[in-house]
Amino acid sequence: MLKVILMALVTSGIWLLIIKLYEGKYSKPLSFMLWSGLMGGAFSVQFALIFNSILQDVFGNIYNEIGSERPVFSLFLAYYIGLNEELWKFLSAVLIIKWGKVKLNHPLDIMLLGITVSMGFELFENISYGEHYGWSLVFWRSLLPGHALYGAAWSFGLMEYFRENRSVSGLQLLILSWFMAAALHATYDYFIFLNKSWTLCFAVVLTWALIIILHFYLRRIQALRPFSRPNEKVPESENTSMYSNCGKHPAVLAKAIYLSDDSAKKLDRLRVTKKQQTGNKYNRSQYMQLIISGMFQLMKSEKLNLDL
């Protein structure tokens, strides 16, 4: 048993150190990540186990007959487990943010917190599997950190929920991301349940494909601007977005589309004038309309010079 625990701790620790490399200048103490992973993992795995056991009691022996001979029941069980386990991991992360009074400086903080909690869940799950099947299974499961990947899916929705200031659209995206995480989890479990050579290979390929996608996605999140505080002016250089350039200063955006400096300044003055007339804060759609209309006005006046 000691060998199982050590194997689970070592492999989870290696993945935790790898995840910590993505923090950049918004780094949090390693002790916080350890505390979040252990507390969040312990909380979520206990409640997930309770509700998984309830389903096992309801179906009895059929629960243990999953596989290619019962594909429909295997699919149902995979989705039940996916929805159940991702729900409790998500709630654990929310409770840590709420009750732990976590200071969220950057969207990346939310993503890494969700991944860390999911890794804590996988740690305790690996110990449970290792107790029954030996330490070698813990080693092979550690090569496929599925729970961290599924946690990244709903962490994306949680991140956008905070970035959208807890709006209705942010909540809708959060719910959708939780379903997406559960679907990824269920897909992996289903192919494992079928227990065929090609399904096992597919599960491995799927997991590593998601690892590669997550790598590039975390790199892009690093470019997002940090969360602003009340009465805090966000530096123009940090006011960037991975989804749209509308959040940039018009002068910067104009340069990005090859406008000359002189035209960019005129476009900036147009924005200021328009805002003074309405007195309203623009959303992204209105902001883009303003930029496009400004470009057409400059083109009409024949003062638009392209620098190609």
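Modeller: Helices here are DSSP runs of H or I with at least four residues, strands are runs of E with at least two, and both are numbered from the N terminus. You're looking at a predicted model, where local features need pLDDT of at least 70, side-chain atom pairs count only at pLDDT 80 or more, and totals for chains, interfaces and linings use all residues. Residues are numbered from 1 along each chain as its sequence is written, and side-chain values use heavy atoms, leaving out hydrogens and water.

Colleague: OK, what is the phi of the residue that follows α7?

Modeller: Helix α7 covers residues 168-194. Asn 195 follows α7, and its phi is positive, near 55 degrees.

Colleague: Is Ser 12 buried or exposed?

Modeller: Ser 12 is found in helix α1, residues 2-20. Buried means under 20% relative accessible area, exposed over 50%, and partly exposed in between, with a 1.4 Å probe and protein chains only. Ser 12 has 15% relative accessibility, so we call Ser 12 buried.

Colleague: Which residues is Leu 16 in contact with, leaving aside neighbours within four places in sequence?

Modeller: Leu 16 lies in helix α1 too, and counts as buried because its relative accessibility is 8%. Contact means heavy atoms within 4.5 Å. Setting those neighbours aside, the partners of Leu 16 are Leu 30, Met 33, Leu 34, Thr 116 and Met 119.

Colleague: At what angle do α4 and α5 pack?

Modeller: Axes are lines fitted to C-alpha atoms, for helices over the stretch in contact, and angles run from 0 to 180 degrees between N-to-C directions. For α4 (residues 107-133) and α5 (residues 135-142), the axes are 7 Å apart and the angle is about 145 degrees.

Colleague: Which residues of α5 make the contact?

Modeller: On the α4 side you'll find Glu 122, Glu 125, Asn 126, Tyr 129, Gly 130 and Tyr 133. Facing them from α5 are Trp 135, Leu 137, Val 138 and Arg 141.

Methods
Expected span 1.5 Å × (residues − 1).
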